[in-house]
Amino acid sequence: MAFAAQLTNTGTLSANGGTVALTTQATQAALASVINTSGLIEATTVDATPGHIRLGTATTQQVTVGGNINVNALAPAAGPGSAEIIGHFVDVTTGARLTANAASTGNGGSIIIKGDSTTFRGTAQARGGSTAGDGGFLEISGHNRLVFAGAADTLAPHGNLGTLL
């Protein structure tokens, strides 16, 4: 379903150790509530403060992710952050990459992708640390419809496998 974009990101949004929230407040009809991102959005962990990214809300009509979402931990023992992509129609396209990975130690973070109708063709990772830590949490869900044709990874080389819901 194609809608005119109300909010578009084709560049880089960075709030390391902070929060990136792209939401829409449609002033006309709900159909105008659309978020498209093909660039990089990052909120990596800084000094043990995890980053958070939120695209859309329960009232957002459509969210399309074609770029990279990064809430990784960059330092050992720092935990990665979380990312949420929420809308009525959610489309994570081929080539999109969403990551919430630990560095050398620590547990993976969380990525939640949910809509009434969700199409997922990208890659989502919530990996545990390379030397210690458990895998994280991935939710990729559609209330009425889910097309899952992508890749999900919650591996932990030296810990417990994470969760894919």
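Is phenylalanine 148 buried, partly exposed or exposed? At a relative accessibility of 38%, phenylalanine 148 counts as partly exposed (buried is under 20% relative accessible area, exposed over 50%, partly exposed in between, with a 1.4 Å probe and protein chains only). The model is predicted, with local features requiring pLDDT of at least 70 and side-chain atom pairs pLDDT 80 or more, while totals for chains, interfaces and linings use all residues. Residues are numbered from 1 along each chain as its sequence is written, and side-chain values use heavy atoms, without hydrogens and water.

The protein contains 15 strands and zero helices (DSSP runs numbered from the N terminus: strands, E, of at least two residues; helices, H or I, of at least four). Of its 165 residues, 45% count as buried. Among contacts (heavy atoms within 4.5 Å) with a separation of 6 or more, 75% involve residues 24 or more positions apart.

In the largest nonpolar core, which has 25 residues, Ile53 and Ile113 touch the most other members. Such a core is a set of buried Ala, Val, Leu, Ile, Met, Phe, Trp, Tyr and Cys residues joined through side-chain atoms within 4.5 Å. Two or more residues each come from β6 (52-55), β7 (62-65), β9 (82-92), β11 and β13 (137-148), and β9 gives the largest share, four residues. Beyond its neighbours within four places in sequence, isoleucine 113 has contacts that include Ile85, Val90, Leu98, Phe120 and Ile140. Serine 117 is located in strand β11 (residues 110-120) and is buried, at 12% relative accessibility. Leaving out residues up to four places away in sequence, serine 117 touches His88, Phe89, Val90 and Arg145.

Two salt bridges are found in the whole structure (a side-chain nitrogen of Lys or Arg within 4 Å of a carboxyl oxygen of Asp or Glu). One joins arginine 54 to glutamate 84, with the closest N and O atoms 3.0 Å apart. Arginine 54 belongs to strand β6 and glutamate 84 to strand β9, so this pair ties together parts 30 residues apart in sequence. Arginine 54 is partly exposed at 28%, and glutamate 84 is partly exposed at 26%. Aspartate 153 bridges to arginine 127, the closest N and O atoms being 3.3 Å apart. Aspartate 153 lies in strand β14 (residues 151-153) and arginine 127 in the loop between β12 (123-125) and β13, so this pair ties together parts 26 residues apart in sequence. Aspartate 153 is buried, at 14% relative accessibility, whereas arginine 127 is partly exposed, at 26%.
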